[in-house]
Amino acid sequence: MSMETEAMVFADYVDGETARVRRVKVSVQPASQGSVVRIEPTEGALVDWPIDDVRRIPDQAAKDAVVYGLTGDHPARLIVKDARLNAELSAACPDLKRRHKDPNLLKRLMILSTASVASVALIVFVLVPIMADQLATMLPAEGEQALGDSSIEQIRLALDNSKATGLKDCRSTDGLAALAKMQARLSIGANLPYDIRLHVLDHKMINAFALPGGHIVLFEGLLDDAKNPLEVAGVLGHEMGHVEHRDPTRLALRSAGSVGVLGLLLGDFAGGAAVLFMTEKLIQAQYSQGAEAGSDTYAYALLAAAKLPTVPMADFFDRLHKKYGEEKGLMSHLASHPDSLGRSEAARAANTVEGDFVPILTADEWASLQAICD
Ligand SMILES: [Zn+2]
């Protein structure tokens with residue numbers, strides 16, 4: 001027994017069997033301990049990778065992380081950002097840069113390709129990015145859901161400034177009940193490819209976005225800023241439009257690059273580095289003007305089917321644009337609409353409800369929703 005005195009170094013680990021990305025402790029064990037890279041999850045059994053079998057996975061999607069795997073067809077991935085650990089692994093693993101041979105991958109690629117396509121490289125580097133939009137329709141629903149599941153975990157961690165446990169996924173009983181009531185009313189006119197899974201994350205950002213597989217995230221700041229529940233309902237309807245049109249999945253496939261796309265297609269839904277990279281893209285969600293207008297139109301239709309006015313939605317977008325219209329980055333999805341001025345005019349023009357209507361939430365329910373994180 002020896003005392004461990006060195007500083008702990010953490011990394012992300014995907015076992016390839018589940019979509020979960022796990023925080024693990026990584027250490028290189030000397031010959032006396034079997035010459036292995038030891039991966040220790042906070043819960044569950046530790047995993048030893050023989051240093052001769054460790055390979056660096058070429059992945060153009062990861063900007064500041066190195067992705068490791070095992071030789072052969074093993075699906076597990078280790079994603080390391082720590083420069084010192086990367087240097088240590090580089091020194092310890094002799095075959096790190098040997099070509100990552102995967103006979104099954106080739107076989108699977110050949111099924112995707114046809115005899116007329118001469119080169120695998122052509123598929124990977126030319127055809128796959130071009131085909132991202134069409135591929136979105138080929139990705140099975142469970143793949144999109146697994147991708148969404150691991151993205152939301154990454155987003156909770158990425159936006160938590162304390163870097164401790166991740167942003168709180170707010171779930172007060174009354175708040176969730178109010179949210180469910182709002183969702184049910186809006187769903188009267190919806191025909192969605194998956195169940196919507198709504199989250200309120202405890203962050204002051206006035207924002208919302210959709211993820212692959214039906215996850216929709218509203219930030220607490222949005223609930224705080226809204227003057228009434230219909231402003232939130234308009235945003236929710238807009239995000240439901242992105243879900244129905246599968247915009248987040250297409251965005252994910254486009255931004256993951258060829259390696260990420262292939263990983264998704266071939267069943268590596270958790271996608272390791274690809275998920276990390278996509279996180280930022282999905283929050284910013286810069287969709288085309290056509291996609292944004294399509295989601296707005298979708299929201300108007302949901303509101304009309306629910307016999308609710310679109311005017312509060314127009315008010316909200318006007319106010320948000322005045323406040324944040326020129327901002328880039330995290331705020332840009334909702335705030336900087338490609339056609340902001342025409343947007344609120346269109347929302348007002350789409351209104352079908354004059355006079356009285358059945359409120360989407362009672363005053364008490366609205367108070368509960370605004371307090372969902374307390
Ligand atoms: Zn949008």
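**Helices and sheet of a predicted model**

This is a predicted model. The chain contains 14 helices and 10 strands.

Student: What percentage of the 374 residues of the chain count as buried?

Tutor: A residue is buried if 20 or more other C-beta atoms lie within 10 Å of its own. Applied to the 374 residues of the chain, this gives a buried share of 41%.

Student: Among contacts with a separation of 6 or more, what share comes from residues 24 or more positions apart?

Tutor: Contact here requires C-beta atoms within 7 Å. Of the contacts in the chain with a separation of 6 or more, the share from residues 24 or more positions apart is 66%.

Student: Which strands are the edge strands of the open sheet?

Tutor: The open sheet has seven strands, with antiparallel pairing, in the order β4-β3-β2-β1-β7-β6-β5. An edge strand here pairs on one side only, and this applies to β4 and β5.

Student: Which residue of β4 is the bridge partner of R38?

Tutor: β3 (residues 36-41) and β4 (residues 47-50) pair in the antiparallel sense over four bridges. The two strands form a hairpin with five residues between them, and G44 in the turn has a positive phi of about 95°. Across the pairing, the bridge partner of R38 in β4 is D48.

Student: And in β2, which residue is the bridge partner of D12?

Tutor: β1 (residues 10-14) and β2 (residues 22-29) run antiparallel and are joined by four bridges. The partner of D12 in β2 is R23.

Student: At about what angle to β2 does helix α1 run?

Tutor: Helix α1 spans residues 83-92 and lies across β1, β2, β3, β6 and β7. Relative to β2, the helix runs at about 45°.

Student: Are α7 and α11 roughly parallel or roughly perpendicular to each other?

Tutor: The axes of α7 (residues 229-244) and α11 (residues 311-324) come within 8 Å and cross at roughly 85°. Angles of 65 to 115 degrees count as roughly perpendicular. The two helices are therefore roughly perpendicular.

Student: Which residues of α7 and α11 make the contact?

Tutor: By class, the contact has five nonpolar, one polar and two charged residues. From α11 come P312, M313, D315 and F316, and from α7 come L230, E231, G234 and V235.

Student: Which residues are buried in α11?

Tutor: α11 has 14 residues and reaches 20 Å from its first C-alpha to its last, close to the 20 Å expected. Its buried residues are P312, M313, A314, F316, F317 and L320.

How values were computed: Residues numbered from 1 in each chain as written. Predicted model: local features only at pLDDT ≥ 70, side-chain atom pairs only at ≥ 80, totals over all residues. Axes fitted to C-alpha atoms, helices over the stretch in contact; angles between N-to-C directions. Parallel < 35°, antiparallel > 145°, perpendicular 65-115°, else oblique. Contact = placed C-beta atoms within 7 Å. Nonpolar A, V, L, I, M, F, W, Y, C, P; charged D, E, K, R; others polar. Buried ≥ 20, exposed ≤ 12 C-beta atoms within 10 Å, placed from the backbone. Pairing = 2+ DSSP bridges. Expected span 1.5 Å × (residues − 1).
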